[in-house]
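Subject: Structure handover, aromatic contacts

Hi,

Here is the structure I promised to pass on. My notes on its aromatic contacts follow below.

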Amino acid sequence: MGTCLGSKSCFLDICKKLRNTIDFSQKIESPKVHVYTCLSSRLEELLNHTLVFNMEETLLKSSSWFPFFMLVAFEGGGLLRAFLLLVLYPLICVVGEEWKLNIMVFVCFVGVKRSALKTIGRTVLPKFFLEDVGYQGFEVLTRFRIRVGVSNFPRVMVEAFLQEYLGIGTIVGREIKVYRGYYLGLMERKKDVTKEITSLVCKEENVIVISGCEKTFKDQQLITNCKGFYLVRKVEKEKWNYLPRDKYPKPLIFHDGRLAFFPTPMASLAMLIWLPFGAILCITRIIIPIFLPFKISLPILAFLGTSGLTSKNCSQTILNSSTNQNRNSKGKIYVCNHKTLLDPIYISYACEVPLTALAYSISRFSQVLAPIKTVILTRDKEKDAKVMQKMLSKGSVVVCPEGTTCRERYLLRFSPLFAEMTDDIVPVALEVKVSMFYGTTASGIKALDPIFFLLNPYPYYYVAILENLPKSHTCGSGGMSNIDVANYVQAEIAKSLGYTCTVLTRKDKYMMLAGNTGD
């Protein structure tokens, strides 16, 4: 009798659970919930609606959050924090979504300055977010006039990207607790964000929600006040194309950070394994050109992976340079776009002549390690003109009139001082490719720039020495102004590389990336 009663009670419990499940599923299957592909046929009629979208689930192609947190860990906390995050990756894979997010946030944020994370969110992450945007999702987003961005990530990670590059006015994201300017690594409750979204939707009359998570639809008040939900499934996102660079809503000209690759778990593991070998290789690459002549060190460096050196018109340039120095003992000015601190060294290798580098800013450490003579300019026009004339009387020099580096395919405005020094001007076009680390920084330690560049497995330098500037396009023989000559040289280099000329300056770069003028 007891067994029967127990079985009956168990059966009733099962029926009750089943009934609750059926009722719940009926609530989810609301006529307002649609498949995302249906949205494209209704875009015209929905233009005046307000769009609420989840950034990670409906805009980015990648379904993994790990790479973005690895960027924060490495750039904000260093190598040890990045290593800890990678060690915890197996645990992150097996826990639930909320626990996964809490673990990554705690590891990446705890003990880090609030200002440092804001800088990373503004200067590092936008590049990787843009490169992960799905073209189809972006097209839908741009059709709505009023847009509200929702993110599972901490707000500090996505705010700059959504506001500055996508023009999203309202952003809903989770905040992280701060104590005396340092993050504690603890996020606010998810319920608080859900309430914020619901209250926001209730204020608007025509709201469309796009999400990739079906759990969003459990909020009955949210469903009641919306005109429709559109669900993006992973299968659809896999078919999306990446957003082409020419479709970016805002050109990506400046960005910072050391990592040059998208740090997936496997790529991050490969980086950590490579570092001990890369450190030995880096030291070897630094020592060889210091103690060995150019002609001997060049093939050895090529064997050690610093390959890809290509040059044009080198023999003619060297011949002209020698002839010119025999005539009036005055050297030429090699004018190049600025990619890394190693630009003058690679130009010297291309010409097989040790040139003098005229640099606006370089650390004492880099100056000591340089295998060629380096002279520092002060940004004082009169003083710099005297220094340049003095160095030209001793031989040929290399100058980077942009005054700072630019990673992307753009040229900054050229300072025209070099055009006043001589009519013997040789434009040089430079292209750099790295696979692991960037050899430049705006907010980091500049003395480490050459080291990070040489840490790459195969750092690639393309050097194109162009034709000497025609006498008709110089200040002395041609009668052109120094600004016109500088613009002409900039245009020739840009044409050779397929770059775009800009009027942006060094100050513009540092104001965006470091919040100062770079002085």
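Start with the aromatic cluster: W65, F68, F69, F129, F153, F161 and F262 form one group. Keep in mind that this is a predicted model.

In total, the structure holds 15 aromatic pairs. Two of them are described here.

The F68–F262 pair comes from that cluster. The ring centres are 5.4 Å apart and the planes meet at 70°, so this pair is edge-to-face; the angle cut-off for that class is over 60 degrees. The two residues come from distant parts of the chain, 194 residues apart. F68 sits in helix 3 (residues 66–77). F262 sits in the loop between helix 13 (234–238) and helix 14 (265–291). Their accessibility is as follows. F68 is buried, with a relative accessible area of 1%. F262 is partly exposed, at 28% relative accessibility.

Next, Y346 and Y461. Their ring centres lie 4.0 Å apart, with planes at 15°, so the pair is stacked; the cut-off here is under 30 degrees.

Last, charges over rings. R407 lies over the face of Y438, 4.0 Å from the ring centre. K433 lies over the face of Y460, at 5.8 Å from the ring centre.

Best wishes

Methods
Residues numbered from 1 in each chain as written. Predicted model: local features only at pLDDT ≥ 70, side-chain atom pairs only at ≥ 80, totals over all residues. Heavy atoms only, no water. Phe/Tyr/Trp six-rings, centres within 6.5 Å; stacked < 30°, edge-to-face > 60°. Helix = DSSP H or I, 4+ residues; strand = E, 2+ residues; numbered from the N terminus. Buried < 20%, exposed > 50% of the residue type's maximum accessible area, 1.4 Å probe, protein only. Lys NZ or Arg CZ within 6 Å of the ring centre and 35° of its normal.
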